[in-house]
Amino acid sequence: MKMSLIAIIGVAVLVVSTIGFGASLSTNPGINRIGASDNQVVAAARGNVTALAWTEEVNSLGNVATKQIKFTVGNEDTVNAHSFQVCAVLEAPASTFQPTAGAAPACNSTSSVAANAKLTLVGINFTSAVEVSDIANISFSIEELN
């Protein structure tokens with residue numbers, strides 16, 4: 001009786017731990033090859049965003065606000081020209097965002113940037129102005145288009 005109880009508990013633990021890790025009892029055991037030679041490589045964009053500045057305006061409350069960010073996009077590839085898509089999200093206190101949470105980010109695609117060169121005064125416009133004093137974080141993402 002004691003041995004069968006241990007076996008039942010052992011099988012229950014095995015089932016719970018296996019299902020908890022997203023597998024099933026029929027999954028063939030194998031070696032995790034993340035980072036191995038047969039893993040698919042996802043290349044990072046060969047671009048960067050620098051020289052951030054924003055266009056200031058006075059809103060209806062008399063406060064300094066911004067609706068546009070300007071920046072420089074650099075192509076770090078020393079051989080080929082590339083175009084990039086840059087997206088940005090402004091975060092203010094109390095987890096308010098521009099564009100609003102759940103909406104698509106504000107984006108802009110660049111023209112072709114020559115090898116090892118920079119494209120200045122790329123701009124992203126937001127639909128609503130955000131008071132400059134309220135900006136807590138600016139998040140950028142960059143994607144190489146070609």
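Colleague: Is His82 buried or exposed?

Modeller: In this predicted model, His82 is buried, with a relative accessible area of 5%. Buried means under 20% relative accessible area, exposed means over 50%, and partly exposed lies in between, with a 1.4 Å probe and protein chains only.

Colleague: Where is the place of His82?

Modeller: His82 lies in the loop between strand 2 and strand 3. Helices (H or I, at least four residues) and strands (E, at least two) are DSSP runs, numbered from the N terminus.

Colleague: Which residues is His82 in contact with?

Modeller: Leaving aside neighbours within four places in sequence, His82 is in contact with Arg46, Asn75, Asp77, Ser111, Ser112, Val113, Glu144 and Asn146. Contact means heavy atoms within 4.5 Å.

Colleague: What does the side chain of His82 reach at 2.6 Å?

Modeller: The side chain of His82 reaches the backbone oxygen of Asn146 at that distance, 2.6 Å. This is a polar contact, that is, a pair of N or O atoms within 3.5 Å; within protein, one must be able to donate a hydrogen and the other to accept it, and residues adjacent in sequence count only if both atoms are side-chain atoms.

Colleague: And Leu145, where is that found?

Modeller: Leu145 is found in the segment after strand 7 (137–144). Leu145 is partly exposed, at a relative accessible area of 42%. Not counting residues up to four places away in sequence, Leu145 touches Ser83, Phe84, Gln85 and Ser109. The C-alpha atoms of Leu145 and Phe84 are separated by 5.2 Å, although the two residues are 61 residues apart along the chain.

Colleague: Before going on, what are the ground rules for these values?

Modeller: Residues are numbered from 1 along each chain as its sequence is written. The model is predicted, local features need pLDDT of at least 70, side-chain atom pairs count only at pLDDT 80 or more, totals for chains, interfaces and linings use all residues, and side-chain values use heavy atoms, with hydrogens and water left out.

Colleague: Now the overall layout. How many helices and strands does the protein have?

Modeller: The protein has one helix and seven strands, and from the N terminus on the elements run α-β-β-β-β-β-β-β. Of the 146 residues of the protein, 23% count as buried. Among contacts between residues at least 6 apart in sequence, 68% join residues at least 24 apart.

Colleague: What order does the open sheet of three strands have?

Modeller: The order is 1-2-6, with antiparallel pairing. The edge strands are strand 1 (47–58) and strand 6 (118–131), each of which pairs on one side only. Two strands pair if DSSP finds at least two bridges between them.

Colleague: Over how many bridges do strand 2 and strand 6 pair?

Modeller: Strand 2 (residues 64–75) pairs with strand 6 over eight bridges, in the antiparallel sense. Within that pairing, Thr66 stands opposite Val130 in strand 6.

Colleague: Which strands does strand 3 pair with?

Modeller: Strand 3 pairs in the antiparallel sense with strand 7 over eight bridges, with strand 5 over four bridges, and with strand 4 (residues 96–98) over three bridges. Val86 stands opposite Asn108 in strand 5, and the bridge partner of Ala92 in strand 4 is Thr96. Strand 3 and strand 4 form a hairpin with three residues between them, and Ala94 in the turn has a positive phi of about 65°.

Colleague: Are the two cysteines buried or partly exposed?

Modeller: Cys87 is buried, with a relative accessible area of 10%, whereas Cys107 counts as partly exposed at 34%. Cys87 also has a bridge partner in strand 7, Ser141.

Colleague: Last topic, the largest nonpolar core. Which residues touch the most other members?

Modeller: Of its 15 residues, Ile69, Phe71, Val73, Leu90, Ile124 and Phe126 touch the most other members. Strand 2, strand 3 and strand 6 each supply at least two residues of this core. A nonpolar core is a set of buried Ala, Val, Leu, Ile, Met, Phe, Trp, Tyr and Cys residues joined through side-chain atoms within 4.5 Å.

Colleague: What does Phe71 touch?

Modeller: Not counting residues up to four places away in sequence, the residues that Phe71 touches include Val49, Leu52, Val86, Leu119, Ile124 and Phe140.
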